[in-house]
Amino acid sequence: MDDASNILRDIERKVSVGDNQKSFNLLYSSVDKVDVDDFHVQCDGKGPTLTVLYGKYNTIFGGYTSQEWCSDKQRTKRDENAFLFYKNDHAEATCTFLPIKEKYVDRAITCDANFGPTFGGGAFFWEAYDLQTFKKDNKKSESEREAGSYINKWGWNFAPRLRKPDQKRKDINAGALVVKRIEVYQVVDDQLQEPWRTKPTDTEMEEIKKKLEKMEPLPGLGIKTYNILLVGVIGSGKSSFYNTLATVFMGAVKSHAPARDAPTSVTNEIHAYELKSRSGKPLNLRIFDIRGFEAERGYEHEFDLLLNGRLPIGFSFPDQPGPIQQGDLVNASLKDEIHLVCFVTGTSNLDTITDDLHKRIMSIQKSINRKGLPMVVVATKFDDLCQKISEDANRVYKSPKARDATKTVSNFFGIQEKYIFPIVNYVNDETIKNGKDRLALQALNTMIELTRDYLENHKEMASKLDRWSERASKLHIPRHSNEKEIELMKIGAELEELGDNVLRVLCVGPVYSGKTSFIDSISSALRDEIYSKATGGYATGRKPKDGHFVSTTERYKMYQMKYKHESEDIIDSNVFIGDIPGFQESDGIQLDDVKNVILGHVPIKYKIIQGMKRDSKKFKHRPLKKDKVHCVCFVFDISTPAEELSEKMQKTFKSLQAWLLDKDIPYIVILTKGDLLSDVVDECKLHVFENKILKENKDKLIDMFKFKQSKMFPVINYIHEDTVVPESDALLLSAFKEILKLGKEYLEDMDEDGSDDSDDEENGSEKTLNRRISKSTLSR
């Protein structure tokens, strides 16, 4: 029985008491030649030990002491807990324990710089030791000391010293003194009082799993998946780790990636693996697996290109390193790059890593650091540390061996312990193991968090976020009445520049997005007093039993904007902001009807919810310029995640957006209800530019509809206020001034075209084309 697991389990049951479970660390092992000095270097001062001898004649035997070895001269130590043991070399055999006799407890072991583990101690020189494994200057013949061990035939606790040998001792290795192998183990506490690392509960595990399955990459960066690269020496367990992750999410043991013990790398190409849930839906994550590196072959020419996404998936690593041909490279962006690097290493092979291998690792780390990528380590094969961990991976959390191994890996790689993840891979399993899932999920969840942190601070994201945040500092906040008066005077002057031109604006958006409240809020900011004609003081949506909002707005209406003049009078302007029913999941307003409104075919106050056909008596076949919409406001409730927009709703908005672009009709995006995200925003309105959730939702809209951030305006509508608020006014008027600017430019373009009274949509399209040709000619 070459494997010590069975005998160790027997000894473990013997020395463990209640919750004080024990386990074993191998300190010293020898097969061919023993070394007394090496034994003392490895084993002195290490506390309780277990010595195991593998006999030549199919017996395992040895001794345990709760005292520590030292290098004195024939020093005996008292140990009431010491015992010898023996067992036949087959799994079903029973282990026999030989406890020490009470009269000999003062001489349970003998410590000597010239001795190996020695049990018993003679009071006189003619008294033999009960078990002396080896010593210097051993006089026994070569044939008897293959490992230099022998056992005292007088036994332990079976016969008083100096009596005739008990013949039953021949049961131990046939009475011979020759052994094949010797091992000395440190006996340690197997369980800490408290977990050395937080252990997620089963409920938390399910929540983490669901979160990862629903995870969406950060919007605004053009990436659809997070890319994690696995790197490690040959045989470290990279492919097995991917298989473990696949098993966790599929709920059944999987072996998608080739994983087996081999002297050379099993993986020789760049693989980009998906993880799928039980339903078959892929996670927004790719696990990149590449060939393992070795002392003779690293990634001299490939690694930087790999991190930058320049090497295609399927790229095959040549046997001999060399420059990569330009034709083998691909153009890449952030979506192709690696976003986090995960080293994969065993826990027991760090001492065997050569200087050349260590240089490889340092070179890889330098490349990662140059790019500023997050770096973690997955430490596999924790089941090799301890039989109990092999039986239940949940034991990792209270295992001192696992804790110490994690510290060792942390020191080796120079990476913080919290980013070293102990893993027990699925290798020979046929069923799901809760502990293995727990360790793998905890590791992956932290990797995703690190990836998000990295991308949030990525130069492309940071630049975009900085521009968004700067908007708050550029807003003019009228703190005094005269400042507000001056602001309204400037806006009034711009409104007067319209002359006889009528500027019509239309608000479109999902039901309950805040369109109608936005119209009233703009009016309130311009009048310098709360005004609520459009809403009538009520919210404009109701929620039926099926959970979907239904619009209470049925007609197409236009509301004239009026502003407070320096004379204190309320002056009419030629700007009208229109409202229509919001888009909803079923029934509701149709996209073609919205287009007809924008083109001026629908009269004001018409019940547009019923639809508008070209053969209707009220259909305007020859709308005037003043009948048309000159700027569109897409209105979104920013407190609701963008991903909650149904596919149908997304398709509707994208179709309208494309149509507006084709017609050269300008539009902006209004983001309402930011105050619902936090009390901070509610109290200080300008925090709409700092709120993390708002930023994430805003970026999701950008990613979804390709909106320009500069044309997106967060506003806080007036709902329950009695008086206007300077910060809210600043947000609202900022949006209004952009509407005014875009609308005036569009009216000017229409004047240049002479398209005051375009007949219909087809004619309008022809004139739009002529206008584009004209613009193109002028720009030359």
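Q: How many residues apart in helix α1 are aspartate 10 and arginine 13?
A: Side chains of opposite charge can pair when their charged atoms come close. In this predicted model, local features need pLDDT of at least 70 and side-chain atom pairs count only at pLDDT 80 or more, while totals for chains, interfaces and linings use all residues. Aspartate 10 and arginine 13 are three residues apart in helix α1 (residues 5–15), and so about one helical turn separates them; helices here are DSSP runs of H or I, at least four residues long, numbered from the N terminus. Their side chains meet in a salt bridge at 2.7 Å, N to O, the term meaning a side-chain nitrogen of Lys or Arg within 4 Å of a carboxyl oxygen of Asp or Glu. Residues are numbered from 1 along each chain as its sequence is written, and side-chain values use heavy atoms, with hydrogens and water left out.

Q: Is aspartate 10 buried or exposed, and what of arginine 13?
A: Buried means under 20% relative accessible area, exposed over 50%, and partly exposed in between (1.4 Å probe, protein chains only). Aspartate 10 is buried at 12%, whereas arginine 13, at 58%, is exposed.

Q: Which residue forms a salt bridge with glutamate 487?
A: Lysine 737 does, with the closest N and O atoms 2.9 Å apart. Because glutamate 487 lies in helix α11 (residues 481–496) and lysine 737 in helix α17 (residues 726–753), the pair ties together parts 250 residues apart in sequence. Glutamate 487 is buried at 10% relative accessible area, and lysine 737 is partly exposed at 31%.

Definitions and conventions
Helix = DSSP H or I, 4+ residues; strand = E, 2+ residues; numbered from the N terminus.
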